[in-house]
Amino acid sequence: MAKSGSHLVIVESPTKAKTIKKFLPKDFVVQASMGHIRDLPQSAADIPKDLKKEDWAKLGVNCENDFEPLYIVPKGKSKIVRELKKLIKDADTLYLATDEDREGESISWHLLELLNPKIPVKRMVFHEITKKAIQDSLEHVRDVDLKLVRAQETRRILDRLYGYTLSPLLWKKIAYGLSAGRVQSSGLKMIVERERERMTFVKADYCSIKAELAKSGDKSFEARLSNVGEKKVAIGKDFSAETGKLDETKKDKIFLIDEKAAKDILEKLKKGKFEVISVDEKESFLNPSVPFITSTLQQEGNRKLGMSARETMRVAQKLYEQGFITYMRTDSPNLSTEAIQAARNCIEDLYGKEYLSAEPRQYKAKGKGAQEAHEAIRPAGNEFVHPDQTGLIGKEKSLYDLIWKRTMATQMERAKKATMTVKVKNGEYLFTANGSRIIFPGFLRAYVEGSDDPESALDNKEVILPELQSKDTLDSKKLEKNNHETKPPARYTEASLVQRLEKEGIGRPSTYATIIGTVQERGYVRKEGTALVPTFTGIAVVQFLEDYFSNLVDYSFTSDMEQKLDEIAEGNEDWLKYLQNFYLGTGGLKKKVENQEKKIKPDDSRTVRLPQLKDIIDVKVGRYGPYIIAKPNKGDEVHASIPEEIAPADLKAEDIDELIELSKKGPEPLGKDPATGEDIYCLIGRYGAYLQLGEKTDDNPKPKRASLSAPWNPKNITLEAAIKLLELPRDLGVHPETGKEIKANVGRFGPYVMHDGDFRSLKKDDNVYTITLKRALEILDEPKVSSRGAKIYKEFDRHPDTNKKIAIYDGKYGLFIKYGTKNIGIPEALRKSEIIDKWKLKDVVEVINKSGKK
């Protein structure tokens, strides 16, 4: 409780509250709002009773009344609001210390609107949580910036109008539950367009010639055939991706080496002699990468640490809230004077003066709207803490280490490199060898983009050639022909998609992770390794938008919207006129939907157009995934599901024939199970191939099934292997504490063990067929990480009245209780590890009962 004469500071999270509290006077009380305390209604249940009959209330925006939004307090937030109002009564001043971007400004404004404080209100703004930054922010308070608030509110209303107007149309015309989003749809379109390029791709075959050469007594080196006479030797980029043939514009200047030509060239080379005709050596400099902004941090987090964009931002948020780094949502690469000095001090201590750049290096944003924070992402404070001295572990330490090294590199001397190009001739055939060596590593000693280990990366950057001179005669140690085929355009990874989104000006740094996460959660995109693969449903949604609302997924249109929102934030654009034009104007979204709805034929919208299967068969999408309809030999229609594991660009005519054949014939048994005497079938479903023991009947509605896992597929599965797979799930025994069974099985996402509803993936060295009860108990005993990144902090016995599971988790906003499927906040006075560590079952039950969620 706030004491009389105290000051109340409101932040978003308990972690941020705990950190900031250390730098404030004792009469300051810090409380967390747990993010937004107001939002637009998410469902009909959220709409207040007196507005339920109003049509506009379903949209959450009253378009006829100047786009007035309907704000409600989400479930679970009422208690927080009551606590904040209670604290305000005993405070003299309210400080709003939410994040410094538009989202943070919006949270502060909502707090003001809902709490309606009668005491002085001051807005604190800082981009790092250090003693100096907090003290400076107290000395330079301001009012809530209503222009930023209006820009954020306009963005929120735009997203609601877009999604809630188009999504019902997708439900009617394609399948229920689909959705469209203002920014996510453009991101999805990029992924789909790349898949289409792979569909139309035609591969080309070509050869290359490599020679291993050496000057008498010297070490050998590698040279590649680069020219035949006046023509350059063809490489992958010289072929058309659409035809698989040499680009017509290059045909007269390119020499294609096929099998016959390669054989002929090798014969001639053996008869001729290799002679050096030129040696060219140059010195060049490499500059360090600019400091991290949100997009580049997400890209490097993905490339170097294998973290998703969302995970990178979640970990960065924790680092910021703990006071380790500056604010992580920014598109400005600027470094403050104190940050530059801190980096230079570290460099001198760790590497020596010779590694310092001659002058401090400063960076500026290239794009127009560097609207988020005012500085790059860097270690916090005026003395950078070395990663090994932070006390951080796991991904938090890895990401901090990345940020620390990148910041160091920005103030280090350029790397100096020598490159050598050697041209060697044998008759009309010209070979080229390239070498390089690092003269001075400079910043490469600390940071190499895309590499985890700067030292090994330095070694990889060096290719040392022997000392050579013009007219030197070389011996041929080895001549080799290599076969190549051109590759289709690579699918986007999270890193390359973020790069493209940024280039096109779609979204803002704070939205990239959400875009990538949303398209996956909606089932429009799945991951295959690190590649983002669109699903058939994802392609259908993009087709639909392209066919009927093409401007809404036009990249320049989406980018222009971002520019308009920036102008609203700067006070240079009228937000109301912009919304009226977008939604109610002559060419506005509302009228477009009304005009187009009657023209849209559901069957056409559910048909996925695949260029490689044009005029062969139609692929459809429905509520239960993709499928094909065929009429073999003018007989009855045959419906066959397409397994989701098949990427759209990889679906070929032969796959279609196989699916139709399997569906037409019906299941044919692989053989009989020796234990039961029942037939074993291999079937195809939405999630791929699976095995089934016996037939599905009224007496046996749920026959035993097992997923078909690698290396097995419907073509190569044997009866023996099927019998083995159907051993699953295996009963390993009972848990010594609960008396409940532990099972081992294989699911859609791989092998796992399961106990009382708790599923745990097996480790790389575990075998689902041989894992023991002892090993399963070890895996189950490990701290569980939830899908949202929360880890189990402490577990208890079940609730004595309801028998529901109880555990305390450590999540994004600190410790909380997981009671069955419900999350319950812990009162701040009790939310301390030294208190919770001593809790018995009765203590946590008391908190649950008081919460009213029992």
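Which side chain does a polar contact of 2.7 Å join to that of Asp99? The partner is Lys16. By polar contact I mean a pair of N or O atoms within 3.5 Å; within protein, one must be able to donate a hydrogen and the other to accept it, and residues adjacent in sequence count only if both atoms are side-chain atoms.

Some ground rules. This is a predicted model, where local features need pLDDT of at least 70, side-chain atom pairs count only at pLDDT 80 or more, and totals for chains, interfaces and linings use all residues. Residues are numbered from 1 along each chain as its sequence is written, and side-chain values use heavy atoms, with hydrogens and water left out.

Back to Asp99. You'll find Asp99 in the loop between β5 and α4. Helices here are DSSP runs of H or I with at least four residues, strands are runs of E with at least two, and both are numbered from the N terminus. Asp99 has 4% relative accessibility, so Asp99 counts as buried. Buried means under 20% relative accessible area, exposed means over 50%, and partly exposed is in between, using a 1.4 Å probe and protein chains only. Leaving aside neighbours within four places in sequence, Asp99 has contacts that include Glu12, Arg123, Tyr320 and Arg329. Contact means heavy atoms within 4.5 Å.

Next, salt bridges. How many does the structure hold? It holds 58. The rule is a side-chain nitrogen of Lys or Arg within 4 Å of a carboxyl oxygen of Asp or Glu.

Take Asp566 and Arg102. Their closest N and O atoms are 2.7 Å apart in a salt bridge. That pair links distant parts of the chain: Asp566 is in helix α17 (residues 555-569), Arg102 is in helix α4, and they sit 464 residues apart. Asp566 is buried, at 2% relative accessibility. Arg102 is buried too, at 4%.

Now Lys203 and Asp205. Here the salt bridge has its closest N and O atoms 3.5 Å apart. Lys203 is partly exposed at 42%, and Asp205 is exposed at 52%.

On to helix α3, residues 78-89. Its 12 residues should span 16 Å at 1.5 Å a residue, and the end C-alpha atoms are 17 Å apart, which agrees. The expected span is 1.5 Å times one less than the number of residues. Which residues of α3 are buried? They are Ile80, Val81, Leu84, Leu87 and Ile88. Down the axis of α3, these fall within an arc of 125°, so they line one face of the helix. That arc is taken from the directions from the helix axis to the C-beta atoms. The face turned away carries the exposed residues Arg82, Lys86 and Lys89. Cover for the buried residues of α3 includes β1 (6-11), β2 (28-32), β5 (91-96) and α4 (102-115).

Last stop, strand β30, residues 806-811. Five of its six residues are buried, so β30 is largely enclosed by the rest of the structure. β30 pairs antiparallel with β29 (residues 791-795) over four bridges. Pairing needs at least two DSSP bridges between the strands. Six bridges join β30 to β31 (residues 814-819), again antiparallel.
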